[in-house]
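Open the model in a viewer and keep the selection panel at hand.

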Amino acid sequence: MDKRVILRSIPNMNELLEDEKIHKFQEQLGSEQLKKVIRNVLEQVRSEIIEEKTESVPDEKYLKERIRKQLDKLTEPDMKKVINATGTILHTNLGRAPISQEHIRQLLYMVSGYSNLEYDLEEGHRGERYSHFDELLCRLTGAEAAMAVNNNAAAVLLMLSALGREKEAIVSRGELVEIGGKFRIPDVMEQSGTVLKEVGTTNKTHLEDYEKAISEETGMILKVHTSNYKIVGFTESVEMDQLTALGKKYGIPVLADLGSGVLLPMEAYGLPHEPTVQEMIQAGADLVSFSGDKLLGGPQAGIIVGKKKYMDILKKASIDESVTN
Ligand SMILES: *Cc1c(COP(=O)(O)O)cnc(C)c1O
């Protein structure tokens with residue numbers, strides 16, 4: 001059949017808009033958006049005919065179905081419930097740790113109306129968002145101060161850029177992790193303006209390796225949890241208490257990116273020991289960051305706990321960044 005004849009036989013916008021199952025989307029999308037979707041599908045059909053992918057007059061029923069499918073896709077929520085059959089109970093790609101029903105109820109109650117989010121009810125003036133949880137986190141972890149940002153990746157970036165910009169951050173070669181392809185320690189370093197100073201080897205890093213790397217340029221020592229891999233065999237790494245002793249000797253802050261951030265002793269559940277946030281604080285870490293939603297069933301967040309002196313620098317830097325951005 002002649003292409004022009006086929007093209008002319010395609011139903012027009014008004015005919016399609018009259019279809020009840022298409023028209024009903026107008027309320028939700030507005031007529032401009034609705035027409036745009038129809039126009040796009042008509043464009044696609046026309047080019048398929050011109051490129052000779054199809055030889056016949058497009059069936060009206062099929063055309064409407066195709067438009068409705070686009071409209072459904074546009075109006076359905078993108079996030080869907082899934083069944084986790086991966087064998088990984090807390091899966092980073094599948095929503096991480098679920099939030100408990102009780103917390104959801106409290107959250108719903110709190111956010112469905114007004115609250116004292118940034119208001120000090122006792123003093124009667126503007127308050128701080130952190131005030132609702134920093135004391136809790138300090139009591140829980142034994143730290144002096146706490147804050148939270150968007151996610152743990154942001155927490156690490158903030159720690160590095162606030163304390164290490166244009167200086168060196170010493171990290172063991174065994175801990176240069178990549179998490180999910182987007183978060184890679186060397187890349188985060190670069191983004192933060194910190195110079196990565198790798199020490200040791202993939203399997204073994206000694207205290208002397210850290211010490212030898214310390215110079216005028218050193219801004220911090222960073223310990224990173226190897227969340228998604230294990231180095232087995234002939235291995236050695238340096239514990240936090242040794243690193244903090246070294247940090248103290250040279251007046252350098254020692255930081256930890258703990259990844260999931262365990263708060264309970266895993267051996268109580270028959271699982272191998274994992275360094276807890278409390279242990280890191282006890283060992284003298286100046287700042288420790290971890291996720292609020294990986295293992296802890298909270299909202300997406302990056303939690304930072306540690307010494308007040310450094311937390312104040314971070315808080316100031318995070319305000320400066322948000323003002324300049
Ligand atoms: C998961 C992880 C991050 C990133 O945390 P998000 O909460 O995904 O931003 C950073 N560092 C380590 C070691 C991690 O395991």
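Start with the ligand and the side chain of Arg96: an N or O atom of that side chain is 2.6 Å from an oxygen atom of the ligand. This is a polar contact, that is, a pair of N or O atoms within 3.5 Å; within protein, one must be able to donate a hydrogen and the other to accept it, and residues adjacent in sequence count only if both atoms are side-chain atoms. The model is a predicted one, in which local features need pLDDT of at least 70 and side-chain atom pairs count only at pLDDT 80 or more, while totals for chains, interfaces and linings use all residues. Residues are numbered from 1 along each chain as its sequence is written, and side-chain values use heavy atoms, with hydrogens and water left out.

Next, show the backbone at Asn152 and Ala153. A polar backbone atom of Asn152 is 3.1 Å from an oxygen atom of the ligand. For Ala153, a backbone N or O atom lies 2.8 Å from a ligand oxygen. On its own the ligand has 380 Å² of accessible area, and the protein covers 95% of it. Such areas come from the Shrake-Rupley method with a 1.4 Å probe; for residues, only the protein chains shown count as cover.

Return to Arg96 and look at its backbone. Arg96 is not a glycine, yet its phi is positive, about 55°. The residue sits in the loop between H6 and helix H7 (101-111). Helices (H or I, at least four residues) and strands (E, at least two) are DSSP runs, numbered from the N terminus. Is Arg96 buried, partly exposed or exposed? Arg96 counts as partly exposed because its relative accessibility is 22%; buried means under 20% relative accessible area, exposed over 50%, and partly exposed in between (1.4 Å probe, protein chains only).

Find Lys294 in the loop between strand E10 (287-291) and strand E11 (302-306). With a relative accessible area of 13%, Lys294 is buried. Not counting residues up to four places away in sequence, Lys294 touches Leu90, Thr92, Arg96, Ala97, Ile179, Gly259 and Ser260; contact means heavy atoms within 4.5 Å.

Go to helix H9, residues 152-164. Its 13 residues should span 18 Å at 1.5 Å a residue, and the end C-alpha atoms are 17 Å apart, which agrees. The expected span is 1.5 Å times one less than the number of residues. Which residues of H9 are buried? They are Asn152, Ala155, Val156, Leu158, Met159, Leu160, Ser161, Leu163 and Gly164.

Past the end of H9, select Glu166, in the loop between H9 and strand E4 (168-172). Glu166 has a positive phi near 60° and is a residue other than glycine. Glu166 is exposed, at 69% relative accessible area.

Then select Ser318 in helix H14 (residues 308-324). Its side chain reaches the backbone oxygen of Lys315 at 2.9 Å. Leaving out residues up to four places away in sequence, Ser318 touches Tyr130, Met147 and Leu158. Leu158 is also one of the buried residues of H9.

Move to Tyr210 in helix H11 (residues 207-213). Tyr210 is buried, with a relative accessible area of 1%. Among the residues it touches beyond four places in sequence are Ile170, Ser172, Val199, Ile221 and Leu246.

Finish at Lys64, in helix H6 (residues 60-75). Lys64 counts as buried at 15% relative accessibility. Apart from neighbours within four places in sequence, Lys64 is in contact with Leu16, Asp19 and Ile22.
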